[in-house]
Amino acid sequence: MLITSNIIQVKAILNSFSMSSSKNYMASFTSLCMFLLLLSFTTTTHAQSGLSTNFYDSRCPNFNTIVQSVTRNAIANDQRMGALLLRLHFHDCFVGGCDASVLVDIQGGEKQSVHNVGSLQGFDVIDFIKQQVEATCPGVVSCSDIVALAAKESVVALGGPSWNLEFGRRDSILTPSAGAADTNLPFGSDNVRDLVSLFSRKGAHTLGQARCLRFRDRAYNERNILPAYAQFLQSICPLNGGDNNLGPLDVRSPNVFNNDYFVGLTNFEGLLHSDQVLFTGRGGQTDRTVQLYAINEGAFFNDFAAAMLKMSRLGVQTGNRGTIKSNCRALR
């Protein structure tokens, strides 16, 4: 049941992050949910040495307020931004750890991964937060801590749970790799076994959209899909052309962080193949967990928050390791 729940949580997260269009903003939440759910039941990860919830209380007391204000304003101006910032955190942590390497502008870097190019966004918001923080507390707050807190504030702003996020991460000085991102991030076509393998190597969706190119085969060729839903997808995604047309991962409440994604799965309304494999209706490995989250939003929220906390600890650098960058896009 632990691995099962982990897979589901991870998949929810993954869906949100495997999109390749800037408009696939809520996909980050669905994917993240699945990743987080998967992660929340993996090997227990205790607080890393150097991380604490009060790390900036005296170092930069306005840090939380600045991030919350900028994040909420960004979401108010563009509702996609909440999922984009969550996706950014996931793509950062899942490739080499939560070290802000995904922000670096460099040839062959993580931004150029097949999972990220043309779709990963939110960099301008992180830049603005960094500018505000540097003006108040120069040389104190890392880019990786900013990314982590912006993701948390995004979830809360969209109606999701909160968690006791720890701080003290430092930024990587290693050259980021698109190849590493290609290898360590999931695809929408992954099955349960693929997801288990991918997430188990780390110790361990509720919002979003995906391109027609990603769900065309499901809309026309798969049988584990509600007929009316298949027709709906076909109206969005023709057999030929329209590759960039978007379909919602959650048809009920695409812009709200809740458990409707799981309700859809139990009705065979999973947008991607890798979504619907989480619920077969025949006692599959993850069926019970999907059903639990579909009827108990509180259970999903609790597990999601626990998984987010675990994800935020992946591969962190603290103490004298890494650095505190003044420019999040710079290598050093």
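Predicted model: local features only at pLDDT ≥ 70, side-chain atom pairs only at ≥ 80, totals over all residues.
**View 1. Helix α3 and helix α5 where their axes approach each other.** Helix α3 covers residues 63-77 and helix α5 covers residues 123-136, and their axes come within 10 Å of each other while crossing at roughly 150°. Because angles over 145 degrees count as roughly antiparallel, α3 is described as roughly antiparallel to α5. The crossing of these two helices, α3 and α5, is right-handed.

**View 2. The residues that meet between α3 and α5.** On the side of α3, the residues in contact are F63, I66, V67, V70, T71 and A74, and they meet V125, F128, I129, Q132, V133 and T136 of α5. Sorted by class, this contact of α3 with α5 comprises 9 nonpolar and 3 polar residues, with no charged residues.

**View 3. Helix α4 packed with helix α6.** Helix α4, made up of residues 81-93, packs with helix α6, made up of residues 143-157, at an angle of about 140°, and the axes of the two lie 8 Å apart. That angle makes α4 oblique to α6. Where α4 passes α6, the crossing is left-handed.

**View 4. The residues that meet between α4 and α6.** From α4, the residues M81, G82, L85, L86, L88 and H89 take part, and in α6 they meet V147, A148, A150, A151, S154 and V155. When the residues of this contact of α4 with α6 are divided by class, 9 are nonpolar and 3 are polar, while no charged residues are found among them.

Definitions and conventions. Residues numbered from 1 in each chain as written. Heavy atoms only, no water. Axes fitted to C-alpha atoms, helices over the stretch in contact; angles between N-to-C directions. Helix = DSSP H or I, 4+ residues; strand = E, 2+ residues; numbered from the N terminus. Parallel < 35°, antiparallel > 145°, perpendicular 65-115°, else oblique. Left-handed = near helix turned anticlockwise from the far one by under 90°. Contact = heavy atoms within 4.5 Å. Nonpolar A, V, L, I, M, F, W, Y, C, P; charged D, E, K, R; others polar.
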